[in-house]
Amino acid sequence: MRYAILSDIHGNLEAIEAVLESVRGDSVDGYISLGDVVGYGADPSPVIKILQSIKPRFLIAGNHDWGVIGAADISDFNNFAQAAIEWTSKILSDSEKKYLESFELKRVDRNMTLVHGSLEDPERFNYVLDAGDAFITMALLQTQLCFVGHSHSPGFYREDGESIKKIESAFLKLDLGQRYLVNAGSVGQPRDLDPRASYVIYDEEGMSVEVKRVPYDIKKAQDKIIAAGLPPFLAYRLQDGQ
């Protein structure tokens with residue numbers, strides 16, 4: 001199987017459309033979503049419809065998804081995130097919220113584990129930001145691979161003896177004798193100073209993972225955010241990838 005692994009779309013229609021156009025050239029067999037389908041962006045309903053159309057094999061819940069359906073206390077979110085969650089919750093239909101409610105907190109399938117943030121208390125949505133955070137999750141990992149999102153910054157971590165090493169590469173050939181944590185980055189709001197949408201291709205048979213980057217119409221996404229009355233900061237940050 002070849003999977004396109006998507007995370008943190010955040011209601012950004014222009015970004016997910018560009019990613020799916022790119023994926024058409026990747027000859028994938030299926031999709032995986034690692035959460036935060038909604039929040040921040042101005043097109044949560046169209047994004048949900050797109051996800052429903054591509055039928056990801058696994059749908060993992062993110063903290064914004066939980067916030068919108070009332071499963072997470074949004075007082076823990078910053079002011080911009082709270083405003084976006086409240087706005088999104090008002091405009092989604094009951095059926096769209098039911099779809100978000102169907103997302104799993106964690107999934108283990110054969111050699112991979114899927115979760116939005118850290119495996120340590122996944123319902124708390126802790127971040128994996130560095131090798132120390134990756135070490136905590138990999139200490140709990142029961143499979144060879146763990147795919148995460150949440151930090152909006154793509155990257156690879158590899159178990160290296162008793163320590164964890166970050167790998168500075170966009171492509172990684174997997175070794176059967178080692179374990180890995182892969183952050184898919186963000187489709188709709190990258191924060192690694194690269195504004196292009198990010199996703200991952202995982203090739204089970206070829207034993208490889210690759211981070212892909214795709215440009216999209218940022219100006220159109222920004223204009224929609226401002227027109228919707230969402231905090232302007234959520235629009236401005238898209239152009240800087242932060």
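**A close look around T137**

Modeller: Leaving out residues up to four places away in sequence, T137 touches S118, L119, E120, V128, C146 and L181 (contact means heavy atoms within 4.5 Å). The model is a predicted one, in which local features need pLDDT of at least 70 and side-chain atom pairs count only at pLDDT 80 or more, while totals for chains, interfaces and linings use all residues. Residues are numbered from 1 along each chain as its sequence is written, and side-chain values use heavy atoms, with hydrogens and water left out.

T137 sits in helix α6. Helices (H or I, at least four residues) and strands (E, at least two) are DSSP runs, numbered from the N terminus. With a relative accessible area of 0%, T137 is buried; buried means under 20% relative accessible area, exposed over 50%, and partly exposed in between (1.4 Å probe, protein chains only).

Helix α6 covers residues 131-140, and its buried residues are A134, T137 and M138. Seen down the axis of α6, these residues fall within an arc of 100 degrees, so they line one face of the helix. The arc is that of the directions from the helix axis to the C-beta atoms. An α-helix has 3.6 residues a turn, so residues three or four places apart point the same way.

At the start of α6, the backbone nitrogen of G132 has a side-chain oxygen of D130 within 3.1 Å. This belongs with the polar contacts, which are pairs of N or O atoms within 3.5 Å; within protein, one atom must be able to donate a hydrogen and the other to accept it, and residues adjacent in sequence count only if both atoms are side-chain atoms.

I136 is also in helix α6, but at 35% relative accessibility it counts as partly exposed. Together with F135 and L140, I136 makes a nonpolar surface patch of about 260 Å². Patches are made of residues with over 30% relative accessible area and no salt bridge, with like charges joined within 9 Å and nonpolar side chains (Val, Leu, Ile, Met, Phe, Trp, Tyr) within 5 Å. The areas come from the Shrake-Rupley method with a 1.4 Å probe.

Helix α7 (residues 218-227) can be read in the same manner. I218, A221, Q222 and I225 are buried there. They cover an arc of only 100 degrees around the axis, which puts them on the same side of α7. K219 and A227, on the other side of α7, are exposed. The packing partners of the buried residues of α7 are α1 (13-23) and α8 (232-240). Just after α7, G229 has a positive phi of about 85 degrees.

Next come two aspartates in loops. D194 lies in the loop between β10 and β11 (197-203). Its relative accessible area is 17%, so D194 is buried. The side chain of D194 makes a polar contact with that of R196 at 2.8 Å. Residues up to four places away in sequence aside, D194 touches R213, D240 and G241. D73 is in the loop between α3 (63-69) and α4 (79-91), and its side chain makes a polar contact with the side chain of S75 (2.8 Å).

Last, the charged pairs. The whole structure has 17 salt bridges, each a side-chain nitrogen of Lys or Arg within 4 Å of a carboxyl oxygen of Asp or Glu. One of them joins the side chains of E204 and R110 (3.4 Å, N to O). This pair links distant parts of the chain: E204 is in the loop between β11 and β12 (208-214), and R110 is in the loop between β4 (106-109) and β5 (112-115), 94 residues apart. E204 is buried at a relative accessible area of 14%, whereas R110, at 54%, is exposed.

Another salt bridge is formed by the side chains of R124 and D121 (3.7 Å, N to O). R124 is exposed, with a relative accessible area of 56%, and D121 is partly exposed at 34%. Elsewhere, salt bridges that share partners join R57, D109, R110 and E204 into one network.
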